[in-house]
Amino acid sequence: MEIIVLFGGKSAEHDISILTATAIMQNIQYDRHTVTPVYIDRQGHWFKGTSMTEKPDASANFQLDQVGQAIVPTDVLKEGDEQIVFPALHGPNGEDGTIQGLFESLNIAYVGAGVLASAAGMDKIVSKHLFNQAGLPQVPFVALSAYDWEKDQTLAIEKVTNALAYPVFVKPANMGSSVGVSEAVDDASLLAALTLAFRYDRRVLVEASVQNPREVELAVLGNDEIFVSVPGELAKGQGFYNYEEKYLNNTTEMLIPAAIDEPTVAKLQDFARKAYLALDGSGLSRADFFLTESGEIYINEVNTLPGFTQFSMYPALWEASGKSYTDLLEELIQLGLSRYNKKKSIQQSL
């Protein structure tokens, strides 16, 4: 079967996508599949690389805008179960339901969450409302729009400070890898944090801070039958796990499995499963939680396309749960095919 690994994209997480795609292409089962890399540049142009029948060299450069063949999506995306797309796209235009909508409209098999789960999971404000409906515990939050911000910055800041006490965290509603995220401790830093966040989205989430929380993450896998991994913990080298700490400095240690008592682990796994169902998840996701010293749990967010770099928590969690990286990729491929074939049996007309 042909695996189309799609990566790059029009997103601030473009470079992370390349790292994820490279790792995926180095661990596909080449005795079963061929791999065709397809790169999307920062302007949204598509480029097809040479199909591979064996593992690429670790130093291979997959930015194909100079060496690849310029194409349009329908040149490479083909209907049927002899091909499946593995989207390694992070952030807007990749894991927010837009590319998944393209696959659905062309009747293309693909790995990972569908349109609804991708869009809702990517949007931190929408997912907050869905988690509330599912009864999942969360920290207090305030949502702001660019319209409100541009109309009256003072009033927008007052809306936050009337509802939340400092410190707070400010996040673009639709962004990952901690891009555009910062902590605010007073009105001046809140002004700077909101200015930064609105550079990346027209809607921004402001959340109350949890004092010295443990940051715990769980991997979720499956379509109808859902499996949840052991929990992992981020032992951070600094107070805020930002973009640099995630991908550049690499000072954050992943503790897998996390040292958490069994009843709390069971509760975390139950919450991760409920969050997955609330979003109508399929394929995969990573659920992130805060755990306090007193044992309180707060869901932070769900990532429907977590990273697969050498620093990523998602594959490491399944490794600790007994599933190798290569086996994990193959299972995700088979889950994507299963969903595609089941959907074909659904009646589409009267």
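Select Arg-339 and Tyr-110: Arg-339 lies over the face of Tyr-110, 4.3 Å from the ring centre. A charge counts as over a ring when NZ of Lys or CZ of Arg is within 6 Å of the ring centre and within 35 degrees of the ring normal. Selecting Lys-323 and Trp-318 next shows Lys-323 over the face of Trp-318, at 5.9 Å from the ring centre.

This is a predicted model, in which local features need pLDDT of at least 70 and side-chain atom pairs count only at pLDDT 80 or more, while totals for chains, interfaces and linings use all residues. Residues are numbered from 1 along each chain as its sequence is written, and side-chain values use heavy atoms, with hydrogens and water left out.

**Aromatic pairs**

The whole structure holds seven aromatic pairs. Rings of Phe, Tyr and Trp (its six-membered ring) pair if their centres lie within 6.5 Å; planes under 30 degrees apart are stacked, over 60 edge-to-face, and the rest tilted. Select Phe-86 and Phe-308, an edge-to-face pair with 6.3 Å between centres and 90° between planes. Phe-86 is in strand 5 (residues 83–87), and Phe-308 is in the loop between strand 15 (297–303) and helix 11 (313–320), 222 residues apart. Helices (H or I, at least four residues) and strands (E, at least two) are DSSP runs, numbered from the N terminus. Phe-86 is buried at 1% relative accessible area, and Phe-308 is buried at 1%. Here buried means under 20% relative accessible area, exposed over 50%, and partly exposed in between (1.4 Å probe, protein chains only).

**Salt bridges**

The search of the whole structure finds 12 salt bridges, each a side-chain nitrogen of Lys or Arg within 4 Å of a carboxyl oxygen of Asp or Glu. Select Lys-128 and Glu-207, whose side chains meet at 2.5 Å, N to O. Lys-128 lies in helix 5 (residues 124–133) and Glu-207 in strand 9 (residues 203–208), so this pair ties together parts 79 residues apart in sequence. Lys-128 is buried, at 2% relative accessible area; Glu-207 is buried, at 2%.

Finally, select Arg-32 and Glu-330, a salt bridge with its closest N and O atoms 3.3 Å apart. Arg-32 is in the loop between helix 1 and strand 2, and Glu-330 in helix 12 (residues 325–344), 298 residues apart. Arg-32 is partly exposed at 47%, whereas Glu-330 is buried at 7%.
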